[in-house]
Amino acid sequence: MSNRLFLPAALAFGLILFGACRAVHNDYVFFAGYVVLQYVVLATAWNLLGGYTGYVNFGTAAFFALGAYSTVVLHKLFPLPIPALMLVGGLVSGIVGLGMGYLTLRLRGVFFSIATLALAVVAQTLITNWDFVGGSRGVYIVRPNETPILGSYVQYLFLAMLVLAVIAVATARAIERSRLGYGFAAIRDDELAAEASGVPTLRLKLVATTLSGAFMGMAGAPLPYYVTYLDPASGFSLAYAVNAIAMPLIGGTANWVGPLVGAVFLGTAQQIATVTIESALNLLIVGLLLVGFVIVAPNGIVGLVHGRARGRSS
Amino acid sequence: MDLSYDLLTNAIVAGVLLGGFYAAVTIGISIAFGMLDIVNIAHPAFVILGSYIAYLLNTTLGLDPILGGLAMLPVFYALGALVYEVYYLAFERRGQESLRGLAFFFGLLFITEVALVLVFGVDYRFVEAPYIGPSLHLGFVGVPLRMLVPCVTALLMFGALQLFLSRTFVGRAIKAVSQNALALQLMAANPRRIKRTAFAISIATTAIAGALLIIIQPVEPSVGRDYIGRVFAICVLGGMGSLPGTLLGAMLLGIVENLTATFYGPSWSPAIAFGALLLTLALRPAGILGR
């Protein structure tokens, strides 16, 4: 399917999904669905950098929380509608992503990953010490209960996140089959060889880190309105970083389907485990699945399915 | 002026003591990451595990935490050997250690932390020992025994490991495998076995480091995260795989952190470690005493 057809098709699929959720007549579906969609965006964004170019980012939570905190700042100064907040959050995190991209000049492989972890803690310390956004005490956000067209506010947030998820997946899919995508793959396989054959590695890496960061920021922007109370410990929670890595690795990092499958599978499983078992236990499940999958099925669910299909045809 | 001079001296002394403890936490990473190229970001989680075991031994048997840590050395050694075998079979042998190996250790970190939360809850735990309350007073400088004992223990462990690595056959083999594994293989030594021993030693140090941690401060499962940045900052700052560099880096970080906490407030001190790490990585990736 060409890129021009994919986006409308995906949007149509999203709208059907939204309609189906409305038919359930229970707002909890939207409440849980929002989290799953948020993880679709995070996993896809992480994979733009981690899966395509091979640079492992441990700082997902920082980009996500910076998006959320730019919303907090704007909420205090002049409140904007959610889509505009997403753009601002994306811009802030995108700029930080660009800065992180310049780190790749000096830092390859593991050192880059450790630096992203460091970046996350520095950002968290800055936010914790910034009283304007609540500091370590956190901040309460009062949100309207109703919106004019949709009715409940959660549905509005859900719809915004749904559109963002569709855009993120479509972007990942478009990049995968473009010159950009081949350039990313060349960097992942052998950066030195890519540079030597004329691939503009730095420019491509900057595109990847900026895009990846921007999408993470956009995913975080509506968070304050969703949770209505935000403190640094929950905004910068390690769970976001672990999930953003676990979902693509469990789904498969090679293409856009993997993070989507991983996020839907793991995100839904977590939502179910949270209500039926216990929320600490569901994090344990994520960790165990992550370790299990990287050992047993290095190419994720998509790899397993492909492997089986190939086995049958030959 | 007089007061701030006192404060400064006290902060520096406290920083040196803290630095000694940091060295104990980092030495395992210096071996695993600096010498073996195994990016064990779960190292601090093992330290916390060590803390909780020292806590259990202390509260149930009344055992001194440091003795408890020593008693646990063989157990942690075996645990380390096990983790290395899994790592070798699943990643190193297939040449996939970069992305998936990293994810593996990240997962281990997370599993350990959540498992500790499930077993012990998120309350702070502490141990009891005769040297936790009192302090020595040397003029205007106060030296709490709670800091001095861990620092001295850490230095002893440090010295023992330095002697082991430079004087014994196995120790030299570990240094050799960090320089050239293929050449070692040509000398009819088995790199896998030597790396397993080295990694097991690196995990064994966390039994002691964990015991020292719970002497210095009360521990809850997520405390380990603060140390991820610190240990890698120290390891990179001092120079990869150099034990004297590690000690130097640890002291430096301890002093700077303590000065920051004294003069600007403790909520800024996490940023110091990571800021130092980012700066080192950006300016001199080889570290102070790097190869």
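Modeller: Two residues are in contact if their C-beta atoms, placed from the backbone, lie within 7 Å. In chain A of this predicted model, 78% of the contacts between residues at least 6 apart in sequence join residues at least 24 apart. Residues are numbered from 1 along each chain as its sequence is written, while chains are lettered from A and ligands numbered from 1 in the order in which they are written. Local features need pLDDT of at least 70 and side-chain atom pairs count only at pLDDT 80 or more, whereas totals for chains, interfaces and linings use all residues.

Chain A has 15 helices and 4 strands (DSSP runs numbered from the N terminus, H or I of at least four residues for helices and E of at least two for strands), and its C-alpha trace spans about 55 × 45 × 40 Å along the principal axes. The part to look at is where helix α4 of chain A, residues 82-103, meets helix α6 of chain A, residues 153-176, with axes that come within 10 Å and cross at roughly 45°; such axes are lines fitted to C-alpha atoms over the stretch in contact, with angles from 0 to 180 degrees between N-to-C directions.

From α4(A), Ile82(A), Pro83(A) and Met86(A) make the contact, and from α6(A) Leu157(A), Ala160(A) and Leu164(A).
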